Amino acid sequence: MPTEPVPHAVQVCPLAYESRLQARPLAQVDLAVIHCTELPDLATARAYGERVLYPRSGTGNSGHYYIDRDGACHRYVEPGRIAHHVRGYNPRSVGIELVNAGRWPHWLDSRHQAMEEDYPQAQVDALVALLHALALQLPSLRYIAGHEDLDTGMEPASDDASILVPRKRDPGPRFPWQRVLEAVPLQRLA
Ligand SMILES: [Zn+2]
C-alpha cells in the first residue's frame, strides 16, 4: 500500500454566487473530475470562476476545489452544490482544478495543442490527499475521470477552421494517472 500523504488544510474561499448553485445530497456524488485550469495562475482562475455566465441563476463556471502548483488547496464551491465544470456530468460530480497553463493562451490553435507543463509533486500529493478526504466525506464516491475523458467534442481550430482540435484536453498527457490511481480508492471511468 502506498503511504497516504498528510492532507493539506483546505482553505475555504467560496465564490460570491456559491449559495445560488443548486444544492444536492452528498450521496449523489459518485465521480471526481480532474481538470487543469489552462490559465497562468490561481488568481486568474479565480477571476474566471467569479464571472457570471448564466444571468438567470447569477452563476458561472468553476470547479469545487483548486490546487495550486505548491499544493495549496482552496475550496470555491462546497461539494453539496452542483458546480458547472463538465458538460453532462455536473449533478453527480465534484470538480477538482489543478493550476497548470495547459494550452493557455492559444487553447484552440492547432499549432499550440501540446500541454507541456508538468504537475509538480506537491500538487499531485495534495490532490491525492484531497481525494482521500473526499472519499471519507462523500459516501458514494467511486469513480475518477479526466475532463478530456468526458468531453470529447472537437471544434474548428482558431488558426485554421479546416482543422478540428479537442475542445477539452485537460488534465492532458502530463497528468500522472498511474500514480494517482495507485494512491486512491477510485476507479477510472472511461
Ligand atoms: Zn476542464
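Where is Glu-38 found? I looked it up and placed Glu-38 in the loop between strand 2 and helix 1.

**Ground rules**

I noted that this is a predicted model, in which local features need pLDDT of at least 70, side-chain atom pairs count only at pLDDT 80 or more, and totals for chains, interfaces and linings use all residues. Residues are numbered from 1 along each chain as its sequence is written, and side-chain values use heavy atoms, with hydrogens and water left out.

**Overall layout**

I began with the secondary structure and found four helices and nine strands in the protein chain. Helices (H or I, at least four residues) and strands (E, at least two) are DSSP runs, numbered from the N terminus. From that end, I read the order of elements as β-β-α-β-β-β-α-β-α-β-β-α-β. The radius of gyration of the protein chain is 16 Å, close to the 16 Å of the globule rule for 190 residues, so the chain is as compact as a globular protein of that length. That radius is taken over C-alpha atoms, and the globule rule is 2.2 Å times the number of residues to the power 0.38. Along its principal axes, the C-alpha trace spans about 45 × 45 × 30 Å.

Next I checked burial. Of the 190 residues in the protein chain, 45% are buried. Buried means under 20% relative accessible area, exposed over 50%, and partly exposed in between (1.4 Å probe, protein chains only). I then turned to contacts, meaning heavy atoms within 4.5 Å. Among the contacts with a separation of 6 or more, 77% come from residues 24 or more positions apart.

**The zinc site**

I looked for what holds the zinc ion. His-35 (ND1), His-147 (ND1) and Asp-170 (OD) coordinate the zinc ion at 2.0 to 2.1 Å. Donors are N, O and S atoms within 2.8 Å of the metal (3.2 Å for Na, K and Ca); water is not among the atoms, so sites may look incomplete. Along the chain, I noted the donor spacing H-x111-H-x22-D. His-35 lies in strand 2 (residues 31-36) and Asp-170 in the loop between strand 8 (164-166) and helix 4 (177-183), so this pair ties together parts 135 residues apart in sequence. Both His-35 and Asp-170 are buried.

I followed the chain on from Asp-170. The peptide bond from Asp-170 to Pro-171 is cis, with omega near 5 degrees. Pro-171 is found in the loop between strand 8 and helix 4.

I found another cis peptide bond between Trp-104 and Pro-105, where omega is about 0 degrees. Pro-105 lies in the loop between strand 5 (93-98) and helix 2 (121-137).

I returned to Glu-38 to check its backbone. Its phi is near 50 degrees, a positive value in a residue other than glycine. For background, most residues other than glycine have a negative phi, and most peptide bonds are trans. Glu-38 counts as buried, at 6% relative accessibility.

Which residues of helix 1 (residues 42-50) are buried? I found Leu-42, Ala-45 and Gly-49 among them. They cover an arc of only 60 degrees around the axis, which puts them on the same side of helix 1. The arc is that of the directions from the helix axis to the C-beta atoms. The buried residues of helix 1 pack against strand 3 (65-67) and strand 4 (73-75).

I also looked at how helix 1 starts. Asp-41 caps the N-terminal end, with a side-chain oxygen 3.4 Å from the backbone nitrogen of Ala-43.

**Glu-78**

I located Glu-78 in the loop between strand 4 and strand 5. Glu-78 is partly exposed, with a relative accessible area of 27%. Leaving aside neighbours within four places in sequence, Glu-78 is in contact with Glu-18 and His-64. A polar contact of 3.0 Å joins the side chains of Glu-78 and Arg-81. A polar contact is a pair of N or O atoms within 3.5 Å; within protein, one must be able to donate a hydrogen and the other to accept it, and residues adjacent in sequence count only if both atoms are side-chain atoms.

**Two residues of helix 2**

Finally, I compared two entries. Gln-137 lies in helix 2 and counts as partly exposed at 36% relative accessibility. Ala-129 also lies in helix 2, but counts as buried at 1%. Leaving aside neighbours within four places in sequence, Gln-137 is in contact with Leu-26, Tyr-65 and Pro-79.
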